[in-house]
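Please look through the structure below with the sequence at hand.

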Amino acid sequence: METVIEIRGLTKTYGTVRALDGLTLSIPRGGVYGILGPNGAGKSTLFRTLLGLIRPTAGEATVMGGRIGDPAATRRMGAMIETPRFPPFMTARQVLVWLSYAHGGVPTAEIEAWLKRVGLAEAADRRVRGFSVGMLQRLGVAAALMTRPDLVILDEPTSGMDPPGIQEMRALIRSLADDDGVTVILASHQLQEVQRVCDRVAIFNKGKVITEGRVSDLTASGERLRLSVTPLARALGVLGDRATLDGDALIAAVPRAEAAATIRALVEAGVDIEEARWIGADLEDVFMSETGWTGVQGAPVKGTDHAG
Amino acid sequence: MLVDALKSEAYRVSRNRTAVFCSVLLTPLLFIIGGVAFHIITKTKGDALAAKASLPAEMGNQPVNLADALGFTATYGANGVLLAFMLLAAATVYAGDYRWETWRLISARNGRPWLILGKIGVMKALAMIAMLAMLIAAFVFFISQAVVTGRPMAFDLTDFDLGRFLLLWLLSLIRIVQYGLIALLAAVVSRSLLAALFVPWALGFAQSILGGPLTPVIGWAPTDWAAQLLLPGLAYDTLKAAVSPGPMPMPEGAVMKAITSLTLWCVVPVAASIAWFQRQDLSKE
């Protein structure tokens with residue numbers, strides 16, 4: 001598997017805080033790679049380290065074949081880290097012209113095309129000091145992409161955007177990977193968005209990768225049985241801690257091999273089963289189980305329906 | 001790489017009207033306004049005095065030599081007012097990327113030393129433009145003198161010494177740039193626009209306090225190593241005096257000490273800023 005980023009034992013400490021804790025990760029070329037993790041998991045620290053903005057305390061990494069901080073390698077990257085900010089006295093168009101000079105020159109037609117593509121053509125001559133967060137995000141994405149990089153890092157690109165904007169951004173990200181062959185690394189707290197747009201994900205917690213793989217593989221491993229039954233209390237008594245409530249149904253963490261025996265045990269206990277079907281875990285379930293985050297106490301566990 | 005840094009920084013500064021106005025236009029404008037007012041007042045007072053003393057009219061008809069604007073600008077271009085306003089631009093150029101959190105947009109794709117050198121290059125260009133604007137203001141000053149007083153104008157280069165003019169012009173430029181380099185170091189170390197503004201101002205204030213008592217009545221700045229090294233303003237005055245020698249002989253070795261001082265005050269802030277910036281984490285600009 002050809003990789004664009006190789007990270008070995010990367011550590012970054014701020015005083016006593018370990019923002020990255022011996023992180024090891026390989027990111028393959030092509031497709032959209034998601035980085036997930038709760039706040040403070042180390043996502044932005046990793047991005048800043050890969051871009052050479054901060055120096056690692058230990059470990060090493062290569063980006064596009066070059067060591068981190070090597071301008072020859074980072075010139076092939078585009079990035080938007082956190083909510084982008086720009087000199088407030090500049091207009092959106094001027095920001096892109098300024099950055100095009102900084103990045104070795106981008107044709108004017110290309111700048112205009114990107115303003116249009118991110119939906120800022122009409123606001124191109126407005127000063128950015130009056131921009132909403134969503135507009136700043138759009139401008140940040142244009143700035144990251146206008147040099148036609150081989151690798152793009154987008155940190156929360158849809159933050160502050162309205163639903164149509166989110167949809168446009170999702171389509172743009174997919175098209176970058178599918179049509180232009182760009183490798184996109186995406187960090188987002190919107191797990192459904194990540195699930196829809198990413199091919200692979202890594203879940204971070206406390207500066208470490210705790211799980212990594214194809215989205216389809218990760219969600220398949222969390223397959224569970226959804227049972228509409230009465231009475232619920234009796235069914236819960238049979239299933240014990242393997243079941244959780246999901247509205248007026250039960251979600252049972254039961255392997256396929258044990259499904260028949262489980263249903264038989266429920267019937268023998270006098271439980272009426274109206275419906276039984278398999279559901280796959282969504283990324284949110286995987287995320288919560290991997291990070292140990294339980295969410296709001298008593299909140300139902302969500303699932304994504306699929307044939308089974 | 002340096003070209004990219006220069007072009008992008010120059011473009012950004014050119015869009016910052018406040019910085020451009022304060023650094024390049026404000027001092028010359030103040031100079032012109034003050035100059036015209038000065039000529040009107042002196043003309044009024046002078047007419048009254050001439051009438052009282054019954055002086056012959058031709059005494060007030062000496063031509064105003066516009067070429068004096070050249071020497072005037074070269075000698076007084078790096079005046080305190082210009083330095084103070086240039087610092088506004090210097091603080092914006094050197095600390096702007098910390099204030100606006102824009103280092104993350106430009107530093108990944110270029111070498112950090114180039115980015116610092118690009119900013120210094122742009123400040124040098126701004127200093128040069130400010131000096132040219134001062135030159136234009138000086139011409140306006142002398143023209144307004146001729147207009148207000150009714151004296152004829154002339155452009156007489158008989159006493160003009162090109163070599164001295166260029167040296168004084170260069171010294172004034174160095175003085176402006178050197179002051180800005182203190183702002184650079186303060187910006188990189190503190191990541192603060194206010195520090196970039198006030199540290200050089202504080203240094204200038206300290207120099208004006210210390211420089212006076214240290215300067216003997218005879219006119220020479222103290223030429224011992226400590227004074228020259230600690231106070232770049234004294235070194236600058238020494239070199240200016242060396243370029244335009246007066247009746248008093250210059251103490252031996254004074255020029256070398258002054259050159260050493262100004263060189264150190266230029267090189268050390270640049271080297272320290274680049275070294276510091278190279279190791280700086282831009283986790284939050």
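Helix 3 and helix 6 of chain B cross in a right-handed sense; a crossing is right-handed if the near helix is turned clockwise from the far one by less than a right angle, and left-handed if anticlockwise. This is a predicted model, in which local features need pLDDT of at least 70, side-chain atom pairs count only at pLDDT 80 or more, and totals for chains, interfaces and linings use all residues. Residues are numbered from 1 along each chain as its sequence is written, while chains are lettered from A and ligands numbered from 1 in the order in which they are written. Helices (H or I, at least four residues) and strands (E, at least two) are DSSP runs, numbered from the N terminus.

Helix 3 of chain B covers residues 68–76 and helix 6 of chain B residues 112–149; their axes are 9 Å apart and the packing angle is about 135 degrees. Axes here are lines fitted to C-alpha atoms, for helices over the stretch in contact, and angles run from 0 to 180 degrees between N-to-C directions. Helix 3 of chain B is therefore oblique to helix 6 of chain B. Angles under 35 degrees count as roughly parallel, over 145 as roughly antiparallel, 65 to 115 as roughly perpendicular, and the rest as oblique. From helix 3 of chain B, the contact is made by D68(B), A69(B), F72(B) and T73(B); helix 6 of chain B brings residues including M131(B), L135(B) and F142(B). Two residues are in contact if their C-beta atoms, placed from the backbone, lie within 7 Å. By class, this contact of helix 3 with helix 6 of chain B has eight nonpolar, one polar and one charged residues. Ala, Val, Leu, Ile, Met, Phe, Trp, Tyr, Cys and Pro count as nonpolar, Asp, Glu, Lys and Arg as charged, and the others, Gly among them, as polar.

Chain B as a whole has 11 helices and two strands. Its C-alpha trace spans about 75 × 45 × 30 Å along its principal axes.

How many residues of chain B are in contact with chain A? There are 22, and they meet 25 residues of chain A. Helix 1 (2–15) and helix 5 (103–106) of chain B each supply at least two residues of this side of chain B. The largest share, six residues, comes from helix 1 of chain B. The side of chain B that touches chain A has six nonpolar, eight polar and eight charged residues.

In chain A, helix 3 (residues 92–102) and helix 4 (residues 108–117) have axes that come within 10 Å and cross at roughly 135 degrees. These two helices of chain A are therefore oblique to each other, and their crossing is right-handed.

The domain assignment, which is automatic or from a database, gives chain A domain 1 (3–218) and domain 2 (221–305). Their centres, taken over C-alpha atoms, are separated by 37 Å. Of domain 1 of chain A, 12 residues are in contact with nine residues of domain 2 of chain A.

Confidence is given as pLDDT, the predictor's value for each residue, from 0 to 100. The mean for chain A is 86, and 94% of its residues reach 70 or more. Confidence in chain A is highest in helix 3, at 95, and lowest in strand 15 (residues 304–305), at a mean of 38. Over residues 296–308 of chain A, pLDDT stays under 50. Where pLDDT is low, the predicted coordinates should not be read in detail.
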